[in-house]
Each structure stands twice: as structure tokens, then as C-alpha cells.
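Subject: Structure handover and notes

Hello,

Please find the structure below, with my notes after it. Could you read them with the model open?

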Amino acid sequence: MQREVFQGILLPFLGTMLGSACVLFMKNKLNWGVQRALTGFAAGVMVAASIWSLLIPAMEQSEFMGRLSFLPAVAGFWLGILFLLLLDRAVPHLHMNSSKAEGPKSSLQKQVLLVLAVTLHNLPEGMAVGVVYAGWLSGETGITAMGALALSLGIAIQNFPEGAIISMPLRAEGVGKGKAFLYGALSGVMEPMGAVLTMLAAGFLVPLLPYLLSFAAGAMVYVVVEELIPEMSAGKHSNIGTLLFAAGFTVMMALDVALG
């Protein structure tokens, strides 16, 4: 069990690291079709995981409230949405940095700010992984090992293009390949740290797990709507992102239900 948890909390970081490694063997940016496909698939997995691995278990654990069993899920979900909204206002993320990072700063300074922004934005995703594994370990939420793993995998897939988006522009600004890879990979280190800290805290807050699970769901849905859907729809019209979103959603749903 400990091995499964260890692998699950490291998966998102591995996705960031592999994406950052693109700088070691690619001269240009990640192909837009591949990026759309990865982003769409990750978005579908994360939405399905938010429903079957987070919201439904949160409501099942609150069944003692009868018809009001949805209240913890609604409250936690909105807390997750508002938390990410406030974080986005305080620390602009990828699409905001690329479109609004104007002023006297040099391009390299903007890239450094981008690394810091992505690093902070990875914390809620790590918290989501930590919450779902804490719920699985508690044995009281109906969360399956496959559901927890699928959520980690979805975040890892999302982090792959994100790692490349960090490391490759740094290389273009004259940073060495090794350093560009290192900076990109380190931007994902907050995720396993956030997961571990959340799991430790959740151990003392088992009664609040319905709120924590739905908080993670709100954070995931915010990331999908605010970050992933715009990315998979940007530029020249294509149905790749939409089709892969549907594929990711159905794969995650099938795995969670069939293997649960």
C-alpha cells in the first residue's frame, strides 16, 4: 500500500520532469497537435476523476445527513473554486503570463516569473492528490486505488506540456539545456510536497474528508475550465482536444467504475 501511495504522489512530478526533458532533444516548441491531444485527454481524466473519485465519495461519506448529504460536497467544491480563483488573481498563470507579461522586464525575467507562478499553481494539484490518497487510505470514502492513480495520471499528463512550456523558452533565452531542464523539473516539486503535507494533515481531519475531497474536485475543475480548455481550443480550429477530452473522460469513468 505504501508503495502505491509513493508512486501515485510522484506521478505528477514525473510528468513535469518528462515535459521539461523535451528541451534536451527538441529544438522547437512542442507540436501544437500533440499539446492539444495531451491537454484534452488530461482535462477529460481530471473531470471524470473529480466526479467519480472525489465528489461522489464525498457525498457517500455524508449519507448520514440524508437529503442534505450534498451540502459538504457543495461547500467544499466552492471553497476549491474560490481558492484557485484567489490564487490566480495573486499569481497569474501560463496564459496570463504569455498575454499580459508586458512592461520593462526582460524576457528572461518574465520566464523566471513564469517558473515561480507555475510552481505555486502546482501546490493545489498536489493537495488534490494528497486528499484522494488520504481518502483511499482511510477506507471510509469509497475511493479506489485505481481512482486515486487515475487522478495522479491525469495531472501528470497535464504537467507534461507545462514542463516543456517552461524549459524550452528558458533555453531560447540562452539558459543552458541542463539548467533549463532543472528549472522546469523543479517547478513540479511542490506537487509531491503538497500531497505529503495534505496526507499528514488529513490523518487528523478524517471527519472533514468530505469537504477536503470536494475541495480537491473544485480545484481540479477550476484548472480544467481556466487552463486546459482554453489551451486545447487556442489557435487554428481543431477537434483533437475535444475528442481526446471525451476519450480521457470515458477511460477514467470506465476504470473507476469497472475496477472499483
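Helices (H or I, at least four residues) and strands (E, at least two) are taken as DSSP runs and numbered from the N terminus. By that rule G8 belongs to helix α1.

This is a predicted model, in which local features need pLDDT of at least 70 and side-chain atom pairs count only at pLDDT 80 or more, while totals for chains, interfaces and linings use all residues. Residues are numbered from 1 along each chain as its sequence is written, and side-chain values use heavy atoms, with hydrogens and water left out.

Overall make-up

The chain holds 10 helices and zero strands. Of its 260 residues, 48% are buried, where buried means under 20% relative accessible area and exposed means over 50%, with partly exposed in between (1.4 Å probe, protein chains only). Contact here means heavy atoms within 4.5 Å. Among contacts in the chain with a separation of 6 or more, 86% are between residues 24 or more positions apart.

With neighbours within four places in sequence left aside, G8 touches V129, Y133 and S152. A150 is 142 residues from G8 in sequence, yet their C-alpha atoms are 8.8 Å apart.

T16 also lies in α1. Its relative accessibility is 2%, so T16 counts as buried. Outside the four places on either side in sequence, T16 is in contact with N159, G163, G184, A185, S187 and G188.

Two packed helices are described by the angle between their axes and the distance between the axes. For α1 (residues 2-20) and α7 (residues 177-186), the axes come within 8 Å and cross at roughly 155°. Axes are lines fitted to C-alpha atoms, for helices over the stretch in contact, and angles run from 0 to 180 degrees between N-to-C directions. The crossing angle makes α1 roughly antiparallel to α7; angles over 145 degrees count as roughly antiparallel, under 35 as roughly parallel, 65 to 115 as roughly perpendicular and the rest as oblique. On the α1 side the contact is made by F13, T16, M17 and S20, and on the α7 side by F181, G184 and A185.

Helix α3

Helix α3 spans residues 71-90, which is 20 residues. From first C-alpha to last it reaches 29 Å, close to the 28 Å expected at 1.5 Å a residue; the expected span is 1.5 Å times one less than the number of residues. Its buried residues are P72, A73, G76, G80, I81, L84, L87 and D88. Viewed down the axis of α3, these buried residues fall within an arc of 160°, so they line one face of the helix. The arc is that of the directions from the helix axis to the C-beta atoms. W78, L86, R89 and A90 are exposed on the face of α3 turned away from the buried side.

Helix α10

Helix α10 (residues 240-258) has 19 residues and reaches 26 Å, close to the expected 27 Å. G241, G248, M252 and D256 are the buried residues of α10. They cover an arc of only 50° around the axis, which puts them on the same side of α10. The cover over the buried residues of α10 includes α2 (32-61), α6 (145-172) and α9 (209-233). Turned away from the buried side of α10 are the exposed residues L243, V257 and A258.

Regards
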